[in-house]
Amino acid sequence: MLRIIFLIIFLFLSSCSGVKKEMVNLSYSPHSWQITDSNQAPSATRVSQAITIFYIQWEKTFGDKEGRIKKNLDELMIEWSSEEKTHEKIERNRKGQIIITRKIVKGMTICPTYVWLKTNQYRRVFASSLVHELVHVALWTQVCRGGDPDHEAGYPACWTSQHTKFIKHVNKMLLNLDI
């Protein structure tokens, strides 16, 4: 059933743009996939290695008593895109005026099992925001509002400075392993 859903999503995404996309199974799980639209995405092998290292480190650092994070990682869909995405934030200042802030993003966790990432020229995971997005996946899995999109600010305070240090630690490991 899950494979059929992924296939439908892939077919929908492929038909909506003129860009040729490729969907490849990630070797760490028969239910995890990555979609690429260019040759700038890291290989499926590197992505699988990075997710495995992420999970081992997450379990050591934060735990996963019920195995829910592992389950979500085992059903993960990662979309690598060469096209930029922007995030728009609308808020009011102290005077009540509407402030619109737009910024280009390198990654987005759309739901606990779907991550969008911007490709980069290095084709390495450590140079992407994958580990950062996997923290959002893990926090979302632990019933934290949308994976705590405002990071260390705001309520609820799910994302802590320990999570930020964790990302740096795992990315350094990936760099040393050339992943």
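Helix H2 (residues 44–61) lies across E1, strand E2 (33–36) and strand E3 (77–81), at about 130° to E3. Some bookkeeping before going on: this is a predicted model, where local features need pLDDT of at least 70 and side-chain atom pairs count only at pLDDT 80 or more, while totals for chains, interfaces and linings use all residues. Residues are numbered from 1 along each chain as its sequence is written, and side-chain values use heavy atoms, with hydrogens and water left out. Helices (H or I, at least four residues) and strands (E, at least two) are DSSP runs numbered from the N terminus. Axes are lines fitted to C-alpha atoms, for helices over the stretch in contact, with angles from 0 to 180 degrees between N-to-C directions.

Back to H2. Its 18 residues reach 25 Å from first C-alpha to last, close to the 26 Å expected at 1.5 Å a residue (the expected span being 1.5 Å times one less than the number of residues). The buried residues of H2 include Ala44, Val47, Ile51, Phe54 and Trp58; buried means under 20% relative accessible area, exposed over 50%, and partly exposed in between, with a 1.4 Å probe and protein chains only. The buried residues of this helix pack against E1, E2, helix H3 (68–74), E3, H4 and helix H5 (161–176), contact meaning heavy atoms within 4.5 Å. After H2 comes Gly63, with a positive phi near 85°.

Now the sheet. Its 5 strands are open and mixed, in the order E1-E2-E3-E7-E6, where two strands pair if DSSP finds at least two bridges between them. Strand E1 (22–25) and strand E6 (107–111) sit at the edges with a single partner strand each, so one side of each has no neighbour in the sheet. On average, neighbouring strands are turned by 20° against each other, direction ignored. E6 runs antiparallel to strand E7 (residues 114–118), joined by 4 bridges, and Gly107 has Leu117 as its bridge partner in E7. Helix H4 (residues 130–141) lies across E3, E6 and E7, at about 25° to E6.

Leaving aside neighbours within four places in sequence, Ser38 is in contact with Ser82 and Thr119. A polar atom of the Ser38 side chain lies 3.2 Å from the backbone nitrogen of Gln40.

On to charges: the whole structure has 8 salt bridges, each a side-chain nitrogen of Lys or Arg within 4 Å of a carboxyl oxygen of Asp or Glu. Here are some of them.

| Pair | N to O distance |
|---|---|
| Lys21 and Glu79 | 3.2 Å |
| Arg46 and Asp178 | 3.9 Å |
| Arg68 and Glu66 | 3.5 Å |

Lys21 lies in the loop between helix H1 (2–16) and E1, and Glu79 in strand E3, so their pair ties together parts 58 residues apart in sequence. Both Lys21 and Glu79 are buried. Arg68 is partly exposed at 36% relative accessibility, whereas Glu66 is exposed at 63%. Salt bridges with shared partners join Arg46, Arg124 and Asp178 into one network.

Asp178 also has a positive phi of about 55° although it is not a glycine. Arg123, in the loop between E7 and H4, has a positive phi too, near 60°.

Terms used: A polar contact is a pair of N or O atoms within 3.5 Å; within protein, one must be able to donate a hydrogen and the other to accept it, and residues adjacent in sequence count only if both atoms are side-chain atoms.
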